[in-house]
Amino acid sequence: MSLRRRERLTGWVFALPSLITLGAVIAVPLGFSLSVSFFAYTFINPSFSVFLGFENYMNAFSDPYFWNSLWVTLKFVVLVVSIEFTLGFIVALMLNRDIRFKGVYYTILTMPMVMSPVAVGLIWKMLLHPDLGVLNYFLGLIGIEPINWLGDPTMAFWSVLMVDVWQQISFMILLLLAGLVSLPKEPFEAATIDGASEFQKLFYITIPLMKPVILAAVVIRTIFAFRTYDLIYVLTRGGPGVSTDVLSYFIYRKTFMGLNLAEAAATSYVLLGVVLLLVVFMFKIITSERKVVG
Amino acid sequence: MRYLVLAILILSTALYAGVTLHVLMEDVPETHIIKELLPDFEKKTGIKVEFEIVQYCDMHAKLVPQLMSPNCQYDLLEVDNYWAGEFPAAGWLEPLEKYVERDKFDISVYLPSMLKMVGYYNGRLYMIPMYNYAMGLIYRTDLMNDPDLRAKWKELYGYDMRIPTSVEEYVKLAEFMQKYASEKYGQKIYGSAMQAQRGDPIVMEWSNYLFSLGGDYYDEKWRARVNDEAGVKSAELYIRALKNAAPPGALSFNLDDAFRVMSQGKAFSMITYNWMLAQLNDPSKSKVAGKVGLAPMPGGIGLNGGWGWAIPKNSQHKEEAWEFIKWVESFEIAKKRALMGGAPTRFDIFTDEDVVKKYPWYPKVMWLVMYAKPVPEFQYSTQMIEVVGRELSLAATGKKSVKKALDDAAKELNKLAKMAGLQK
Amino acid sequence: MKALVVKDLHKSFGNVRAVVGFTLEMEEGEFVTLLGPSGCGKTTVLRTVAGFEKADKGEIYIFGKLSNDIPPEKRDVGMVFQNYALFPNMTVAQNIAFSMMIRKEPQDKIKKRVGELLELVQLSGLENRYPHQLSGGQMQRVALARALAKNPKILLLDEPLSALDAKVRQQLRGEIRKLQMKLGITTLFVTHDQEEALTMSDRIVVMKDGVIQQIGSPRQIYDDPINPFVAHFVGTSSFLEGEMLDGKIFIWKDERFEVRKSKVKNGKALMVLRPTHLKMVKDEENVPDGSNVMKGRVSLVTFLGSVVRVHVMIKEEEILVEMPSEDFWGFKEGDEVIVYFSPDFPLVFPKEQNIQ
């Protein structure tokens with residue numbers, strides 16, 4: 001008993017430095033912003049003198065632009081993650097076989113990922129330029145009318161989506177590919193002998209075996225997608241109108257333009273809640289089958 | 001006496017020696033011009049200057065936390081006129097009167113409009129004007145002088161084509177050019193290379209329309225008036241221009257995108273910063289070099305913009321920072337900057353013989369700057385721009401009527417003025 | 001008709017020749033083991049029979065049908081893998097039913113068959129468990145049931161026991177053999193464990209570097225290895241390097257032994273002595289006439305349960321002697337002993353043949 005206690009103590013001692021670091025860099029800012037969200041704390045008047053209770057939250061909820069941003073964000077995240085996952089999985093499956101020039105593909109794939117979103121945004125802004133952009137030029141060659149990529153409110157949303165997919169899909173591909181590569185060969189051979197087709201192998205073996213990797217990839221991408229704002233900043237600034245005004249850019253503006261740290265913190269907490277809900281929901285879906293026998 | 005001066009010089013050099021001034025600077029031509037001149041300052045004073053050069057969009061977010069902290073990492077600031085209300089109101093800037101009086105620094109040489117915008121706030125001097133970016137009309141002289149187009153215009157409107165004198169006439173001319181210049185040259189030539197991206201681009205451009213039609217953001221009692229007759233008319237004309245005389249996609253354009261269209265010879269005109277003329281006249285950057293001219297905003301009042309030097313209250317090296325301001329704003333250096341392509345703020349530079357010889361249009365720019373008007377300066381300027389930008393963009397995309405959008409903007413502007421304690 | 005015929009099979013991976021001229025014929029119901037050290041090509045042969053590898057050269061006939069170009073699922077083979085290869089997301093029942101489900105057989109039929117198979121591998125009642133809830137032995141039984149589910153004509157076992165504990169391994173190898181005999185299913189088994197090979201097989205194929213060394217019953221392989229490699233790999237042996245004279249006398253250091261089974265007439269030779277062929281006494285009087293005799297000193301005695309193994313140093317060589325435990329009467333380290341053997345036992349090979 002005492003030995004076990006001593007062991008436990010040693011464990012705590014080992015964990016302590018990282019706990020302290022984590023506390024300092026995660027818990028403290030989180031706690032600070034939580035408390036800020038209940039006060040009239042702004043950059044102009046940074047003090048905790050006026051307690052507002054839930055007023056900052058109420059203000060956020062009563063702002064129609066907040067609801068617009070929330071809707072835009074959810075639409076953006078769900079679409080971006082599902083498109084990236086679907087395409088990414090297909091590409092990963094295609095790369096996970098004996099093909100030539102694998103190294104070349106990997107290099108090409110990694111490139112967008114290592115670029116900063118701002119640079120990507122600027123490059124795409126030029127490609128998407130309605131008059132001088134390459135994209136419309138090529139469309140023109142095959143007789144398609146120039147598309148107003150970023151100037152049209154509906155199209156702008158899809159354009160931003162496309163650019164984000166372009167940049168972020170490699171992350172998905174590489175993560176899924178890493179998962180595929182490390183899968184054992186034998187279950188596939190066993191299934192082959194049993195007469196399973198490629199599709200049956202995909203659904204009965206690959207996907208179930210990949211579940212942990214898929215979960216990680218999708219959750220990480222979801223969280224990242226919620227934080228997308230640099231791309232929006234460079235490409236559209238949330239416009240035209242409010243068609244691409246995602247919540248993190250909304251919060252960024254509340255903080256650094258509105259200087260209203262308190263309301264921004266409150267909105268951030270709402271966003272955090274949404275992200276958490278979504279992530280928990282995904283865990284539930286993806287791990288549901290395992291739960292049957294527990 | 002000579003020895004005394006020398007002694008003081010040596011002493012002051014010794015005093016400042018080892019000090020390094022850290023300054024956050026925007027990545028624009030003016031910054032690089034000053035950077036080139038820095039060795040002169042270092043030689044004279046022994047003070048080292050280090051520029052951290054970043055994009056505009058990163059500056060505010062970098063500055064605010066530093067200004068709020070007990071020790072500012074930046075010893076000297078350049079302050080955009082957007083922040084010229086916010087920073088002093090928050091108490092982040094050192095008042096400069098005592099330095100000016102003590103060292104007999106002459107501020108009478110600055111254009112009043114500049115001093116008003118990036119000098120004084122609430123009657124106190126917080127900043128020294130650094131450079132201007134007042135806006136005006138840049139147009140294609142070749143198209144303007146094209147006899148066919150001129151004849152067509154006369155046939156349609158019964159008078160000679162001229163540099164527009166009102167916003168309405170400008171929009172009409174832009175529409176005309178888009179139709180007939182395109183026809184004549186067999187390629188698309190847009191009337192106006194507009195920058196209607198949500199946020200500050202659309203607000204900056206529209207402000208020219210608003211001011212020139214006699215409108216404003218607030219009246220003298222800080223009641224919002226963007227939705228009055230002038231406001232609505234300016235927004236309607238602006239949106240008309242966007243629809244009929246602007247490149248597709250202008251709703252997502254910022255300055256760079258618009259510049260690309262203009263510099264490729266694909267537009268007739270551009271409402272933009274006066275210093276863009278030099279860029280458009282630079283053959284290495286522009287296909288229309290030598291074919292562009294500058295005029296005041298049709299209607300007379302463009303948007304003024306500019307930067308000022310300031311010292312943060314929590315600066316570690318206030319004296320050295322002031323020393324730098326004195327140097328960089330001295331006639332000698334100010335003239336050098338102007339000759340290297342800078343955008344002056346002083347009468348004596350605008351009208352200097354050598355400067356005018358090199359840039360003959362500078363006296364015109366001076367008048368443009370004198371008449372130009374900045375956006376209202378108060379704590380919530382950036383927020384105001386954000387709100388107006390959003391509503392204008394919504395109106396331009398047809399998601400809201402012009403009147404409704406401006407009414408909504410006015411509502412929020414009133415709220416901001418109240419929050420700032422300006423409106424009782 | 002032969003159940004399986006492999007004719008002159010060749011297979012290389014890049015520069016590595018994995019299988020060279022492999023030929024084997026199997027009767028229906030026969031249990032044949034491919035035995036050899038890792039990298040000897042035994043698994044490649046198995047995988048080529050299964051259809052996972054394509055032969056560079058040679059033919060494979062399964063019940064008379066040339067199968068080189070037939071995909072694995074159409075070859076009528078069942079396979080059990082070293083690492084179980086169960087589907088972790090499926091229950092035991094679902095795993096076993098997989099091939100039937102793929103073939104869309106009716107539910108009740110599947111259920112009945114799964115029940116039978118579970119009984120066969122003694123796992124009844126565990127149908128709803130998931131693989132991660134089973135022990136290694138149980139998992140391998142499930143894998144076996146799954147392989148048998150579609151009534152294959154040939155069962156392929158790829159080192160199915162090597163991941164298991166010694167105890168479970170021994171138990172399972174008996175069960176597999178009994179099951180195989182009961183079902184009468186032709187079985188090709190791959191292992192590097194000579195004990196498994198000796199205990200389970202009808203015939204053993206010993207391989208080295210892609211080449212068959214010897215094919216024969218366990219008894220033949222053990223008693224009459226064809227070369228020093230087989231002798232070394234199957235069972236325990238001591239090797240003495242020496243010289244043959246007239247095909248009758250083996251000269252080792254200054255000893256002369258009479259031998260009857262020599263593959264060498266004159267020249268350098270290698271003599272193989274199985275520990276069980278050697279006997280050991282204290283006094284020379286007890287040595288039967290006509291025996292070959294050596295003197296040595298006991299350096300180690302190890303007790304292996306049913307037998308005792310004694311290490312004897314004779315002229316700086318260590319020679320192993322084994323005797324049934326009940327015949328062991330108290331030799332201990334340091335004892336001077338006499339080791340002897342009958343001229344009928346030892347095998348003598350030419351020296352050029354390497355044991356490795």
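How many salt bridges are counted between chain A and chain B? The count is four, and the legends below describe this interface and other parts of the predicted model.

**View 1. The contact between chain A and chain B in the predicted model.** In this view, 32 residues of chain A are in contact with 39 residues of chain B. Two pairs of chains touch, and the pair formed by chains A and B has the most contacts. The area buried between chain A and chain B is about 3000 Å², and carbon and sulfur atoms give 59% of that area. On the side of chain A, the residues that lose the most area to chain B are Ile44(A), Tyr65(A) and Arg237(A); together they account for 20% of what that side buries.

**View 2. A salt bridge and polar contacts between chain A and chain B.** The side chain of Arg198(B) meets that of Asp245(A) in a salt bridge, with a distance of 3.1 Å from N to O. Across the same interface of chain A and chain B, 14 residue pairs are in polar contact. Helix H5 (117-127), helix H10 (230-235) and helix H11 (247-256) of chain A are the elements that give two or more residues to the side that touches chain B. By class, this side of chain A has 19 nonpolar, eight polar and five charged residues.

**View 3. The contact between chain A and chain C.** Here the contact takes 19 residues from chain A and 25 residues from chain C. The two chains bury about 2000 Å² between them, 66% of it on carbon and sulfur atoms. In chain A, Ile193(A), Asp194(A) and Tyr204(A) lose the most area to chain C, together 34% of what that side buries. Chain B and chain C, by contrast, do not touch, and their nearest C-alpha atoms are 50 Å apart.

**View 4. The salt bridge between chain A and chain C.** One salt bridge is found across this interface: the side chains of Glu189(A) and Arg47(C) meet at 2.6 Å, N to O. Three residue pairs are in polar contact between chain A and chain C. Helix H8 (186-193), helix H9 (198-227) and H12 of chain A each supply at least two residues of the side that touches chain C. H8(A) gives the most, with seven residues. The residues of this side divide into 10 nonpolar, three polar and six charged.

**View 5. A nonpolar surface patch on chain A.** Leu22(A), Val25(A), Ile26(A), Leu30(A), Leu272(A) and Leu276(A) make a patch of about 530 Å². Helix H1 (2-36) and helix H12 (261-291) of chain A each give two or more residues to the patch. The largest share, four residues, comes from H1(A), whereas Leu276(A) lies in helix H12.

Note on methods. Residues numbered from 1 in each chain as written. Chains lettered and ligands numbered in written order. Predicted model: local features only at pLDDT ≥ 70, side-chain atom pairs only at ≥ 80, totals over all residues. Heavy atoms only, no water. Contact = heavy atoms within 4.5 Å. Buried area = accessible area lost by both parts, 1.4 Å probe. Polar contact = N/O pair within 3.5 Å; in protein donor to acceptor, adjacent residues only side chain to side chain. Nonpolar A, V, L, I, M, F, W, Y, C, P; charged D, E, K, R; others polar. Patch = residues over 30% accessible without salt bridge, like charges linked within 9 Å, V, L, I, M, F, W, Y side chains within 5 Å. Areas by Shrake-Rupley, 256 points an atom, 1.4 Å probe, with all protein chains shown as cover.
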